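Please read the points below with the model open beside them. They are notes for a colleague and follow the fold from its overall make-up to single residues.

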Amino acid sequence: MDVQQASGIVGHRAGVGSKAARMVMPLGWALPLALALVYILGWWSAANDMGLETVVRRADFVSTLTGANIIVEGNGGRLYTLDTQRSAQQRVLAPFIKLDPGRLLPYNHLPFEALVVAPFVALGLPYPAIFGLWSLLMLLALILALRVMQSALPVKGSILPLLVVPLVTYQPVLRSFILGQNSPLVLLGLCLTFALTRKRLDLWAGPALLLVALKPQILPVVGLMLLLQGRWRALASFAGSLAALCLTAMLVLGVQWPLQYAQLLIGVAGWQDTGAIDPAIMHNWRGFATNLLGGTAPGLVMPLFGLLSLLSVGLLVAAWLKGRKLGATPGEDGPLPLRSCPAFDLPQALAGIVAVLTSLHLNPHDLTLLLFPAWIVAFYALSEAWSNARTWLLMLWGGYALIHVTFYLEIIFDNPAVSVVPSTLLMSAAAWLIYVRVRRKRSDMSRGRVNDPLHAGYS
């Protein structure tokens, strides 16, 4: 696809001429780069004021450093004991920051991240150097995730920068790097699981799902999709791989660490506005319910969260059942490198959104996971088959701009609802429109409209 063809598609879908489209297209990558530059320069200015050592210790990565230090000190059996974590975190922060009472950033991840970082701590590397190595790992994960999606659903020509540049400059992505979070690794797990199951390489999809397990709260929806697909080999491969890793970790952490980990998660799940866990800043149904009812009827927050989550999961199941009738299991006669299979792909995009909406714990940087459904939606919206692509592209751009703008408004007004409520509503609208799209394909098929290759199971 050359520049003229790409401009023609965008221009046709946007309702403007190809000449105008060619003039507008550079803004599609120049504007995101400018917004990212402003965000990065703001962080760099703060880093210069505070010093790199302090910046690293103010990042969420201090949680991983805390876990790594506990292991290096030979206290792996107490990794998930809050008193041990508090003592270790005080030593990690000193002498640059003093840990205030009640402000502990707990290590509430699976032990594998701490185990990976522990050797570097044992070598005595400065924390900024370890943070830099971690950032390089996350950058590699992000690049691989986009490469996997490009392999599964290729976007070619000058359209590709219009998709990639906004994705990599998405504010939650930048935030995940600044904080030292593992969101790019989880994104890679989602993309690999999607691509491998799409090609029916189920045994490999299981180990890929281990990356998704770095955020266990995302697993239920992803696991549900695998169950709906009947991917028993993928689930068995995942269970076996996870069991092997857990048994290996017991050599350092003791045999009771899974139970201790579960107890920690249950304990911190109820924390409110501690600086580490604040439901009000979660861009999902829990954050939406907290901002809506937390001040007037806090007892109704979790019931509303549960109800909206059930409705979202029900929508996902309904979309899959609709898509299944179109042949939602690609390559049933063998592994086929299919270019498009909307009956399979669109419910996967919906699953990516539902996993975010229904997550019990989800901080703003975790919206990085939305890059997965965004690629799928953009691929089909840019195809010649979608007559309402303008709506989808505006929604994608709206979501991109919304986070950037409301992030600053949230700071100005000191109110997370300014950001959480509109982004959650936008995600729910996208989920509904994907469901409508899948249902429309089923309706079109029932009327015999199969000339459009996207109306068939695959092309």
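1. Basis. This is a predicted model, in which local features need pLDDT of at least 70 and side-chain atom pairs count only at pLDDT 80 or more, while totals for chains, interfaces and linings use all residues. Residues are numbered from 1 along each chain as its sequence is written, and side-chain values use heavy atoms, with hydrogens and water left out.

2. Overall make-up. The protein has 20 helices and zero strands; these are DSSP runs, H or I of at least four residues for helices and E of at least two for strands, numbered from the N terminus. Of its 459 residues, 53% are buried, where buried means under 20% relative accessible area, exposed over 50% and partly exposed in between, with a 1.4 Å probe and protein chains only. The exposed surface comes to about 19,900 Å², of which carbon and sulfur atoms supply 67%; areas follow the Shrake-Rupley method with a 1.4 Å probe, and for residues only the protein chains shown count as cover. Contact is defined as heavy atoms within 4.5 Å. Among contacts between residues at least 6 apart in sequence, 75% join residues at least 24 apart.

3. Nonpolar cores. A nonpolar core is a set of buried Ala, Val, Leu, Ile, Met, Phe, Trp, Tyr and Cys residues joined through side-chain atoms within 4.5 Å. The largest one holds 120 residues, and Leu65 and Ile376 touch the most other members. Helix H7 (residues 127-152) gives the largest share of this core, twelve residues. Apart from it lies another core, of five residues, including Ala36, Tyr39, Leu174 and Phe407. In soluble globular proteins, nonpolar side chains tend to be buried together.

4. Ile376 and Met149. Leaving aside neighbours within four places in sequence, Ile376 is in contact with Met149, Leu153, Phe194, Asp345, Leu346, Gln348 and Ala349. Met149 lies in helix H7 and counts as buried, at 1% relative accessibility. Not counting residues up to four places away in sequence, Met149 touches Pro154, Cys191, Phe194, Phe372, Trp375 and Ile376. Met149 and Leu192 are 43 residues apart in sequence, yet their C-alpha atoms are 8.3 Å apart in space.

5. Packing of H7 on H8. The axes of H7 and helix H8 (residues 159-168) come within 12 Å and cross at roughly 145°. Axes here are lines fitted to C-alpha atoms, for helices over the stretch in contact, and angles run from 0 to 180 degrees between N-to-C directions. From H7 the contact uses Leu142, Leu146 and Gln150, and from H8 it uses Leu160, Val164, Leu167 and Val168.

6. Thr169. This residue sits in the loop between H8 and helix H9 (171-179). Thr169 is buried, with a relative accessible area of 5%. Residues up to four places away in sequence aside, Thr169 touches Pro32, Leu33, Ala36, Leu174, Tyr400 and His404.

7. Aromatic pairs. Rings of Phe, Tyr and Trp (its six-membered ring) pair if their centres lie within 6.5 Å; planes under 30 degrees apart count as stacked, over 60 as edge-to-face and the rest as tilted. The count is 13 aromatic pairs. Trp257 and Tyr261 have ring centres 6.4 Å apart and planes at 55°, so this pair is tilted. Both lie in helix H14 (residues 257-269), four residues apart, about one turn of the helix, and Trp257 and Tyr261 are both buried. For Trp285 and Phe288 the centres are 5.6 Å apart and the planes at 80°, so that pair is edge-to-face. Trp285 and Phe288 are three residues apart in helix H15 (residues 285-293), about one helical turn, and both are buried. One aromatic cluster is formed by Tyr80, Tyr107, Phe112, Trp257 and Tyr261.

8. Backbone points to check. Ala94 and Pro95 are joined by a cis peptide bond, with omega about 0°; Pro95 is in the loop between helix H5 (82-93) and helix H6 (112-122). Arg200, a residue other than glycine, has a positive phi near 65°. Arg200 lies in the loop between helix H10 (183-198) and helix H11 (202-212) and is partly exposed, at 28% relative accessible area. Asp414 also has a positive phi, near 50°. Asp414 is in the loop between helix H19 (389-413) and helix H20 (417-446) and counts as exposed, at 69% relative accessibility.
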